[in-house]
Amino acid sequence: MSKRAAPSLSNSSTNNSSQPQQKKQKKSPNEYREQDKQYKYEQSVRYSLDFNNPDCPMIPWYDWNEWLFVKRYLFDKPAIEMPELSERAMEILGMWKNKFKIQTSTIVEASYLFLEGLRLDSQISVLSSQNHALSVNVKSIQEQALSNAIVRFVNLFSKDGKTKQASTLAIGSRQADCPKMLVDVRNEISHRKFPSIEILRNCAKLALKWIKQRYWDKQEEHLINYQKEWIQNSNQYIILFKQRMELPQVEDAFDKKEKQRRKERIDLATREIEKVEEKLISQSKGPCCSFVIQTFLLHVLTAPQYNTRKSSPDMVVNKVRFLLDFLDSRLDFITGLIRNIFIIVRDFEIYSSKYNIEKYPMIVVGSVVSFETIELAFDYFDSLLRMLIRKSKERALATCQWISEQVELSKSSELLEVFLTTIHKHLKEEVVSASPPVLGVGTSDTVLFHELLKIGDIASNTI
C-alpha cells in the first residue's frame, strides 16, 4: 500500500488516465548538505542550550537564576553543608526532567539519573550498615539504579553524537566524546555481566564529573560573560546618552555650516545609542528577562560609579533614568524591579532565619545579598515606586496590590510590613487590603527557594 495520500474519488480515474506517474526527483548535493547540517544542529542543541541563540528550543527552568541555584547546590556546594537546599535543588531538577517528557534535555536527564542513583545508593548503604539482614536484599537495588543510569547515559549521548555515517553505538559515543570506561561498562551490563558496586559507583562519579565539565561549568561561564556584557552595555548606554545630551544644540548655531556639523554629530551619537539599544533588547528576552532585572538591581544600581557615599537612591535613579525609561517602555522594567526587590527581601528573611549569613551567604545572580543590600533595596523601592506612580498610576496600583497579597501569603513580618507602610505613604488608601490569595501553579515567585505548592496547601482550590 502506498504511503502517499489517496486522491479523491471524483478525480481518481481522470488522474490515472491523463497524467503519467511522476518520478521521484533526486536531491542535489547542496540539499543533502543542508539536511545533514540541520540534523547536526538538532542533535547539538539537545544538550548545548544557548540562551543567546534565538532558535534554541524551549527550556524547562523558570529563569537563569533558578538554573544557577540548581548548579550551585548540586554541583558546587556539598550536600552535607546545606541538605535542605540540596534536596530542594534535586526536586527542581526532577521537575525539569518531567516538564518535557518527549524531548527532555540530555544533560538534565543524565544529571538527574546519576544524582538520584548515588543518593539512593548512599541511603541504602546507611540502612544496610544499621541492619545487616538488609544488606543482601538491597544490594541488587543499588546495582540496578546505577546500572540503569549508566546505560541510559551512554545511549543518550551516543545518539546525540551520531552523524549520518555513524551507525554503531561505539562510533556515536566516540564522536560525543563519552568516557570509554562508561561505554565498556554499559556493554557489560547489556550482556548481563554486572560489574561490582564499587565500579558502578566510580562510573557514576566519573559521569557526573564529565557532565559538570562539559555542560554545567561551561554554561555558567557563558552566563557570567553574558551578564558582564549586559552590564557593560547598560553602562555604555548611560554614558552615551549623557554625552549626547551635552552636545551643542543645532538651533544655537550661528551659520549653516555649523548647524550641519552639529546635526551630523547628534545623528552619529544617536546611531551609537541605537546600536546599544538593539543589543540590550536582544539580550533581555525570554528566561533572560527576570535574570536581567535582578542583575540590574544587584549589579548596576549598587555599582560604585553610581552609588557613592554622597549619592542618595534618588540621585542614582536619576542618573540611570534614561536607561530605565528605555527598558520600561519595552519590558515593563520598573514593575519588574519593584517586584524583585520584594522577592529578594522576603527570601533573605527566610534564608537568614535558617542559615548563618556570614558562613553561608545568600547569593542571587552571582551577587552576595547582605543586610546592607536589603537596606539599600528598601530605599530603591521607595524611589522606584514614586517613579512608577508618575509614569502610570494604574500599573503602580496593580503592582502594589500584588505585593500586599504576597505579604498576606508570606504570613507578614515586621520586615515585610515596611513595604505596606511605604505603599500607603504614597498611595494612601487606594490599595485595597489583600484578600486571601487563590493558590495555584506559579503564584509564588522566588529567587532562592523556588517553592512548589503542596497538594495539602491547595485544599479545595483548582489548579
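Cys 203 is buried, at 0% relative accessible area, where buried means under 20%, exposed over 50% and partly exposed in between, with a 1.4 Å probe and protein chains only. Cys 400 is buried too, also at 0%. As for disulfides, taken as pairs of cysteine sulfur atoms within 2.5 Å, a search of the whole structure turns up 0.

A quick word on the model: it is predicted, so local features need pLDDT of at least 70 and side-chain atom pairs count only at pLDDT 80 or more, while totals for chains, interfaces and linings use all residues. Residues are numbered from 1 along each chain as its sequence is written, and side-chain values use heavy atoms, leaving out hydrogens and water.

Next come two helices. Helices here are DSSP runs (H or I, at least four residues), numbered from the N terminus. The axes of helix 13 (residues 321-331) and helix 14 (residues 333-354) come within 6 Å and cross at roughly 95°; axes are lines fitted to C-alpha atoms over the stretch in contact, with angles from 0 to 180 degrees between N-to-C directions. That makes helix 13 roughly perpendicular to helix 14, a label covering 65 to 115 degrees, with under 35 roughly parallel, over 145 roughly antiparallel and the rest oblique. On the helix 13 side, the contact (heavy atoms within 4.5 Å) is made by Leu 324, Leu 327, Asp 328 and Leu 331. Helix 14 brings in Phe 333, Ile 334, Thr 335 and Leu 337.

Finally, Gln 406 sits in helix 16 (residues 393-409) and is buried, with a relative accessible area of 5%.
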